[in-house]
Amino acid sequence: MKKIISLITFVVIHFTYLQMNSQGTATNIVKNNMLVPHQEQVFVHANSRLAFVGEYIYYSIYCLKDNTGVLSDVSKIAYLKLVNENQEIVLNQKIKLINGKGNSNFFIPSTIASGNYKLIAYTQWMLNNGHNYFYNIDITVLNPYTSDQAVFRGKSTELSENSINVPKQNTSNTIGNAPLKLELDQTSFSTRQPINLAIESKSSAGLGSYSISVRKLDELETKNSVTTVDYKKVYPQKNKIDTIILPELRGELFVGEISSTSDSISIQNKTVGLSFPGEDYLFKIATTDKDGRFYTSVAEDYTTEDVYAQVIDETPENYEIGLQTETDLNLSNLKFDKFYIIRDMENIIQERSIFNQIENAYYSSKPDTILIGKSNKRFYGEGTMNYVLDEYTRFSSIKETFVEVVEHVWIQQNREGENEFHVRPLLPYIDTGKLPLVFIDGILVQDHDRLINLSSAQVAFINISRNQHFYGTKAFQGVVDVMTFKANYFENYYNSNVLTQKLFKPRENKNYYQQSYNGSFTEKYARLPDFRYQLVWLPSFKMTEKVEHIEFYSSDITGEFEVSLEGFTDQGTPVSLKKKFTVN
């Protein structure tokens with residue numbers, strides 16, 4: 001019976017969230033004496049727990065159903081932060097989750113001081129168990145280019161326990177009763193030699209989602225690693241909160257609120273437009289509830305750095321608008337592991353710093369590649385008329401252009417003497433008297449004189465939609481969509497009735513570079529140094545066959561290396577495997 005009640009509650013939340021036009025406050029969606037249904041936890045597989053400035057911390061994040069360990073289909077956004085001992089967030093990222101998984105990396109800039117840090121990760125839905133309910137692991141950052149290393153100096157007794165060459169790393173090949181095993185064709189390799197790794201599933205039970213890191217074992221690292229088998233131990237006790245935080249079910253959730261300049265002006269059922277401008281722009285519309293709050297979800301990719309929000313109304317100056325920032329976290333209970341250095345580490349630190357600088361100098365020869373997101377279709381469809389102005393005689397003004405070139409659109413003055421665009425509807429030409437939505441490079445322009453005063457020489461094309469468009473309680477007769485050659489009108493756009501806010505954007509997906517010396521690559525890279533500590537990073541490895549093979553190459557770095565595989569089977573079984581080899 002409790003499970004049925006829980007499921008019904010979740011459906012109510014889901015339905016309420018999707019019905020943006022009638023969205024009420026989230027305070028009482030779930031009673032305070034109940035835990036939220038379909039709870040989540042995240043696990044982060046990081047390639048290293050110690051990073052020098054100028055290096056990357058690569059990570060793969062798994063969003064899991066708390067009770068089964070199966071990848072969750074609730075949250076589509078995850079948050080990761082690097083926090084210092086002063087509880088300050090020094091690096092902050094948001095990434096998209098696809099089928100419960102996501103990945104990215106933190107580049108450690110030279111502005112970050114040496115110290116003990118925490119990498120924390122969560123979804124908004126998780127914070128309903130408390131604002132301190134997040135995954136966290138210890139990360140050490142070493143900045144060898146500054147003289148201030150006091151944070152790493154400790155008592156002699158502490159130094160002896162954490163001294164060099166005694167890394168507290170897991171040395172077993174398998175953790176738990178894993179349905180997979182790792183096999184290498186050899187245990188010892190030469191520099192720049194091909195290495196063949198086989199991942200074998202004992203049965204179909206081993207099929208699942210994993211991430212694989214191959215990296216030199218760090219002589220400096222002293223932290224115990226957190227694996228898929230024991231990651232739950234990092235979570236605190238669950239606590240109830242006063243206000244339910246909505247899940248990001250369909251992408252980034254934008255929450256805002258409007259207020260009016262007078263108590264006599266209603267803030268309910270007002271239409272709010274959010275523009276994400278540029279050549280490949282997005283436009284979203286939401287409707288306010290009785291408290292003036294509004295919600296809208298963005299699943300698409302976008303390139304702009306700012307969002308432009310405005311109340312779509314005949315008198316937008318009567319309203320003020322705000323967008324909610326991130327939910328505050330409770331970082332007060334974080335306990336940081338300590339890392340210490342001694343003089344014997346000097347040569348190791350110096351060598352790694354030099355190799356790191358050399359690798360960064362040659363980064364352009366072997367870069368990671370950013371995956372371009374899908375292009376966005378216009379929210380109004382294909383449009384009914386499209387005009388590329390270079391194909392027509394150019395007129396000196398926009399007004400003349402619309403008179404001589406663009407059909408079924410005209411400009412007339414309203415009762416206040418203000419110019420307005422009008423779009424003739426499709427047959428049978430029943431004029432509703434409604435105005436169209438007018439855009440310049442993706443910015444919604446309610447003052448149509450802005451478009452009239454635009455130089456026609458700047459305009460590349462004009463798209464017209466003659467269809468009626470309905471959003472919440474608002475109807476619009478058509479769309480006038482103007483795009484300039486540079487698609488940057490928004491860079492110099494200002495309107496006191498429009499809120500411009502910097503976006504906290506999700507990170508772009510990447511393909512991570514994998515070095516090869518096969519065939520012609522042998523000669524191509526013969527003269528380039530190869531000081532990779534990280535030989536392989538595969539953040540999204542899908543095991544679909546009983547045996548999978550991966551080939552990679554050793555670098556010019558010698559020593560002991562480790563293959564680390566972390567992940568979960570399709571049934572939610574955690575898998576953590578280690579395999580060591582040497583490069584001479």
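The secondary structure of the protein comprises 6 helices and 33 strands, where helices (H or I, at least four residues) and strands (E, at least two) are DSSP runs numbered from the N terminus. The model is a predicted one, in which local features need pLDDT of at least 70 and side-chain atom pairs count only at pLDDT 80 or more, while totals for chains, interfaces and linings use all residues. Residues are numbered from 1 along each chain as its sequence is written, and side-chain values use heavy atoms, with hydrogens and water left out.

Of the 584 residues of the protein, 53% count as buried; buried denotes under 20% relative accessible area, exposed over 50%, and partly exposed the range in between (1.4 Å probe, protein chains only). Among contacts in the protein with a separation of 6 or more, 75% are made by residues 24 or more positions apart, a contact being heavy atoms within 4.5 Å.

The largest nonpolar core contains 48 residues, of which Ile61, Ile108 and Tyr135 touch the most other members. A nonpolar core is here a set of buried Ala, Val, Leu, Ile, Met, Phe, Trp, Tyr and Cys residues joined through side-chain atoms within 4.5 Å. Two or more residues of this core come from each of strand 1 (40-46), strand 3 (56-65), strand 4 (77-83), strand 5 (89-96), strand 7 (115-122) and strand 8 (135-142). Another core, of 29 residues, lies apart from the largest one and includes Ala178, Phe189, Phe355 and Phe561. With neighbours within four places in sequence left aside, Ile61 is in contact with Val42, Phe43, Val44, Ala78, Leu80, Ile95, Leu97, Gly100, Lys101, Gly102 and Ala121.

Strand 4 and strand 5 run antiparallel and are joined by 7 bridges; strands are taken to pair if DSSP finds at least two bridges between them. These two strands form a hairpin with 5 residues between them, and Gln87 in the turn has a positive phi of about 65°. Val83 has Ile89 of strand 5 as its bridge partner.

An open sheet of 3 strands has the order 10-12-31, with antiparallel pairing. Strand 10 and strand 31 are the edge strands, each pairing on one side only. From one strand to the next, the twist averages 20°, with axes taken as lines fitted to C-alpha atoms (for helices over the stretch in contact) and angles running from 0 to 180 degrees between N-to-C directions. Strand 10 (residues 180-184) is joined to strand 12 (residues 194-201) by 5 bridges, and Lys181 has Glu200 in strand 12 as its bridge partner. Strand 12 pairs with strand 31 (residues 547-553) over 7 bridges. Across this pairing, Ala198 stands opposite His549, and Ile199 has Glu548 as its bridge partner.

Tyr517 is located in the loop between strand 29 (510-511) and helix 6 (521-524). This residue counts as buried because its relative accessibility is 8%. Its C-alpha atom is separated by 7.9 Å from that of Pro194, 323 residues apart along the chain. Not counting residues up to four places away in sequence, Tyr517 touches Arg192, Thr522, Tyr525, Asp530, Tyr553 and Ser554.

A further open sheet, of 4 strands, has the order 16-15-18-28 and antiparallel pairing. Its edge strands, strand 16 (282-287) and strand 28 (499-502), each pair on one side only. The twist averages 20° from one strand to the next. Strand 18 (residues 306-311) and strand 28 pair over 4 bridges, with Tyr308 opposite Thr500.

Cavities and pockets were assigned on a 1 Å grid over the protein atoms alone: a cavity is a set of points where a 1.4 Å probe fits but cannot get out, a pocket is an open set with protein on both sides within 12 Å along at least five of seven lines, and lining residues have an atom within 4 Å of a point. Grid points are joined across faces, edges and corners, and a volume is the space filled by probe spheres set on the points. The largest pocket holds about 950 Å³ of space. It is lined by 34 residues, with Asp313, Glu314, Glu420, Leu435 and Gln446 the closest to its centre. Strand 23 (419-423), strand 24 (437-440) and strand 27 (474-484) each give two or more residues to this lining.

The structure holds 4 cavities of 30 Å³ or more, and the largest cavity has a volume of about 520 Å³. Of the 25 residues lining the largest cavity, Tyr56, Tyr58, Glu359, Arg532 and Gln534 lie nearest its centre. Strand 3, helix 3 (346-361) and strand 30 (534-543) each supply at least two residues of this lining, to which helix 3 gives the most, with 5 residues.
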